[in-house]
Amino acid sequence: MSDDLNTLKQRALADFAEFVNPMKVRTMKAAGIDLIEERRDGACTWDLTGKRFIDCQTGSGIMNVGRHNREIVEALKKALDTYDIGVFLVCSRQKADLARKLAEITPGDLKCTVYGAGGGEAVDAAIKIARGYTMKTEIVYADKAYHGHTGFALSAIGRAAYKEPFEPLMPGFKQVPFGDAQAVREAMSADTAAVILEPIQGEGGINVPPDDYLPEVRRLCDEHEALLILDEIQTGFARTGRMFACEHWGVVPDILTLAKSLGGGLYPISATVFKEEINDFFIPHPFVHLSTFGGSDLGCIVALAVIDYIEKNGLAEHARLMGERFRAGFDRLTAAYPDLLLEVRQKGLMMGLQYTNTSIGPRMTKKLADRGVLAIYTGNDPSICRLMPPLVITPAEVDEVLAALEGAMRELSGEKGLGKDD
Ligand SMILES: Cc1ncc(COP(=O)(O)O)c(C=O)c1O
């Protein structure tokens, strides 16, 4: 490693500690992931010092089309020759084209779109639309849920630590255990505006619900004339082996929130897509939910290029196949290291390793980073390692990640502190 590059890296870390947050730098160093990203390509990212990592973190699933995808970069460069973000108050061809495309690829009769610039904003819009349209107030959400840190979204997060410093939050939010349809039934009332769920919880630990869960919640929403909001900000755009995760269970929500991979890791954009009848609420007051940067013309061009890339390259099917390749390796690891690995939860390339205790996540994160794999334990639970590599990952790279996991587990199995937490 050249001294100059290392000096640059240390300066970036020191400045980050001084001018952003010293605790963040300390945490990253302790976990062995104090990298400063420089080059990015395909499934990989390179530290400023030249060390290569296979990126299984990807900003929790932003990079479905791969890091710095050349085709999307070219689409953005071309757009920059002519366009800027556009004026959010006026109509644009790009906004119309993307909304039409979203109506085409989202399941069932989802049709109309409100744009935003980030995921939390998309969730806020969904909850506002649900309240405005139904003229009811209650929102039912799941424990361990993650929907972002903005106002309404934060109120629907199932992790107290994120919420407590800011209480009181929005009234009318009821938390239920995830995966338990009976609990949803008991929580719902004549005043329930919506139930909001991730089809598979990401930040909560890659929690895949029982197969009858989403269909039953759909039925309960219909029975109570409440809306079903599915947050596919992490699961969407082919991550789970289908374009949208709800397709695994044949469930069509009334409102679908999308962000992260929609922008291809190159431009922030989010979308709240909903059924046509819900537009009855927006038609009389089209300016009730505005976002200056939401659905910018450049963002829409990038999003259209992303969707085109996913479709053209069959990334949903590739995610399914690479998911199976991972699964075979995980099965071997579960059999070989029962003291370390309790279970694997997975749909396509949305994968979570449930370790036997909370000390293992941070220790594995460091050992994997040493071996050139970026894979971090989830915010909600350090006993879970989330693996969400770019969907363009190759079979050879899958094998590399599995070899790194095997090497890290072999090393860890000789250390103390394995087995279940007391
Ligand atoms: C399921 C889900 N919803 C919402 C969000 C919030 O998105 P953003 O960070 O863009 O506000 C996230 C972010 O991780 C997410 O995973």
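Helices (DSSP runs of H or I with at least four residues) and strands (runs of E with at least two) are numbered here from the N terminus. The structure is a predicted model, in which local features need pLDDT of at least 70 and side-chain atom pairs count only at pLDDT 80 or more, while totals for chains, interfaces and linings use all residues. Residues are numbered from 1 along each chain as its sequence is written.

**View 1. The surroundings of the ligand.** Helix 6, which spans residues 119-134, gives the largest share of the shell around the ligand, with 3 residues. In total, 15 residues surround the ligand, and the closest are G118, G119, G120, G148 and I233; a residue is near a molecule if its C-beta atom, placed from the backbone, lies within 6 Å of it. Sorted by class, this shell holds 4 nonpolar, 8 polar and 3 charged residues, where Ala, Val, Leu, Ile, Met, Phe, Trp, Tyr, Cys and Pro count as nonpolar, Asp, Glu, Lys and Arg as charged, and the others, Gly among them, as polar.

**View 2. Helix 6 and the residue that follows it.** Helix 6 has 16 residues and reaches 23 Å from its first C-alpha to its last, close to the 22 Å expected at 1.5 Å a residue; the expected span is 1.5 Å times one less than the number of residues. This helix is mostly covered, as 14 of its 16 residues are buried. (A residue is buried if 20 or more other C-beta atoms, placed from the backbone, lie within 10 Å of its own, exposed if 12 or fewer, and partly exposed in between.) Just after helix 6, M135 takes a positive phi of about 60°, in a residue other than glycine. M135 belongs to the loop between helix 6 and strand 5 (138-142), and it counts as exposed because 9 other C-beta atoms lie within 10 Å.

**View 3. Helix 1, from residue 3 to residue 19****.** The 17 residues of helix 1 reach 24 Å from the first C-alpha to the last, close to the 24 Å expected at 1.5 Å a residue. Of these 17 residues the number buried is 0, so helix 1 lies largely in the open.

**View 4. The nonpolar core.** A nonpolar core is a set of buried Ala, Val, Leu, Ile, Met, Phe, Trp, Tyr and Cys residues joined through C-beta atoms within 7 Å. The largest one in this model has 119 residues, and those with the most contacts inside it are A130, A156, A194, V195, V302, V306 and V373. Helix 12 (residues 297-312) gives the most to this core, namely 10 residues. At least three residues of the core come from each of domain 1 (3-61 + 314-413) and domain 2 (70-312); these bounds come from an automatic or database domain assignment. Not counting residues up to four places away in sequence, A156 touches V123, I127, I139, Y141, A145, H147, F173 and I196, a contact being a pair of residues whose C-beta atoms, placed from the backbone, lie within 7 Å.

View 5. The centres of domain 1 and domain 2, taken over C-alpha atoms, are separated by 27 Å. Domain 1 brings 21 residues to the contact and domain 2 brings 23 residues. On the side of domain 1 that touches domain 2, helix 3 (58-61), helix 13 (315-336), strand 11 (341-347), strand 12 (350-355) and strand 14 (384-387) each supply at least two residues. The largest share of that side, 5 residues, comes from helix 13. By class, the side of domain 1 that touches domain 2 has 8 nonpolar, 8 polar and 5 charged residues.

**View 6. Two residues in the loop between strand 8 and strand 9****.** A238 is found in the loop that joins strand 8 (227-231) to strand 9 (255-258). Phi of A238 is near 80°, a positive value in a residue other than glycine, and A238 is buried, with 27 other C-beta atoms within 10 Å. C246 lies in the loop between strand 8 and strand 9 and is buried because 26 other C-beta atoms lie within 10 Å. Leaving aside neighbours within four places in sequence, C246 is in contact with P107, P199, L214, L230, E232, V251, V252 and P253.

**View 7. A buried charged residue, E203****.** E203 has its place in the loop between strand 7 (192-197) and helix 10 (213-223), and it counts as buried because it has 24 C-beta neighbours inside 10 Å. Apart from neighbours within four places in sequence, E203 is in contact with S60, Y146, T378, G379 and N380.

**View 8. A cis peptide bond.** The peptide bond from E167 to P168 is cis, with omega near 0°. P168 lies in the loop between helix 8 (160-163) and strand 6 (173-176).

How values were computed:
Two residues are in contact if their C-beta atoms, placed from the backbone, lie within 7 Å.
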